[in-house]
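Dear colleague,

Please find below the structure I am handing over to you. My notes on it follow directly after.

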Amino acid sequence: GIQERVKALKDTPGLFGWYLLDEPTVQGTNAETMQRAYRAVKELDPDHPVVTTLCAPDRMGEFAASTDVLLVDRYPVSLEPLFTVAIHVETALAVTGGKKAVWGAIQLTCQDTHRIKRGGEAGLMVSVPRLPTVREIRCMTYLAIAHGASGILFYAYDGMGDGRAFDDPKRYRGILGLTREIHGLGPLLGGDCLRKGTVPGQNGVLVSYIVRGRDRDRAVLVATNAFDRPSGPVEIPTPDGRVLRATLQPHDVLIKRWGDDVPAKKRRRDGGEQ
């Protein structure tokens, strides 16, 4: 059945790739089955990537060989620190030795409602379910990028009624503004990883950062504070070997560019244009 579908669609002009399976560990699919399915696709269409969502960090290594792109999803709002997104991205990079693309699936939906429908997650419940704010969405997006994600998808899940991401026009505009912002940084974010890491602030908060670009004169620095308290003063390495001194507020994102690859348009932190 997979091969019939690939034969029918592989020459479609709008085809980007193949989504092999959503969360195989949740579906109860084993690594051998995934590998057979992956080979069935690649034998007929070696030119389009295969994408698979992997949600269990301790089992990512089992399925890494059966996908070209590891799409990792962790939806922390509102029961977990946003930093859990970084843990999933780093795990995916580690199991592939950095040899495969890792993308981040960013939460737009109300995961609290999803948990309640399933009877709770790890015994935790919430009394007032809520959607992530645009500020939290922006922080999770750049947090994934800061830890090495080379692609971003937004997960809305509107069809299941678990909080509709686009009902609020202001929220929708904020999300669209974020996508425009990322697109504008694309020429630099698509470059090499020149520097990457975490640095501790004086308040014990880890600030995640990455420098991507073509060289030290054409690069972008992205730094995030994914925690609920200010970082305190922190020193972040820059492309030219110096440090940038800053204090990042909770869920704050800092972006600094070198060179002329992207327009110098200013944007507010909520993703809207200024």
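Which backbone oxygen lies 3.1 Å from a polar atom of the side chain of Asn 225? The backbone oxygen of Leu 248 does, a polar contact (a pair of N or O atoms within 3.5 Å, where within protein one must be able to donate a hydrogen and the other to accept it, and residues adjacent in sequence count only if both atoms are side-chain atoms).

This is a predicted model, in which local features need pLDDT of at least 70 and side-chain atom pairs count only at pLDDT 80 or more, while totals for chains, interfaces and linings use all residues. Residues are numbered from 1 along each chain as its sequence is written, and side-chain values use heavy atoms, with hydrogens and water left out.

Asn 225 sits in the loop between strand E8 (218-224) and strand E9 (233-237); strands are DSSP runs (E) of at least two residues, and helices (H or I) of at least four, numbered from the N terminus. Asn 225 is buried, at a relative accessible area of 0% (buried means under 20%, with a 1.4 Å probe and protein chains only). Beyond neighbours within four places in sequence, Asn 225 has contacts (heavy atoms within 4.5 Å) with residues including Cys 139, Val 205 and Asp 252.

As to confidence, pLDDT (the predictor's confidence in each residue, from 0 to 100) averages 88 over the protein chain, and 87% of the residues score at least 70. Helix H7 (residues 134-146) has the highest mean, 98, and helix H6 (residues 111-117) the lowest, 71. Over residues 264-274 the pLDDT is below 50. Where pLDDT is low, the predicted coordinates should not be read in detail.

Definitions and conventions: Buried means under 20% relative accessible area, exposed over 50%, partly exposed in between (1.4 Å probe, protein chains only).
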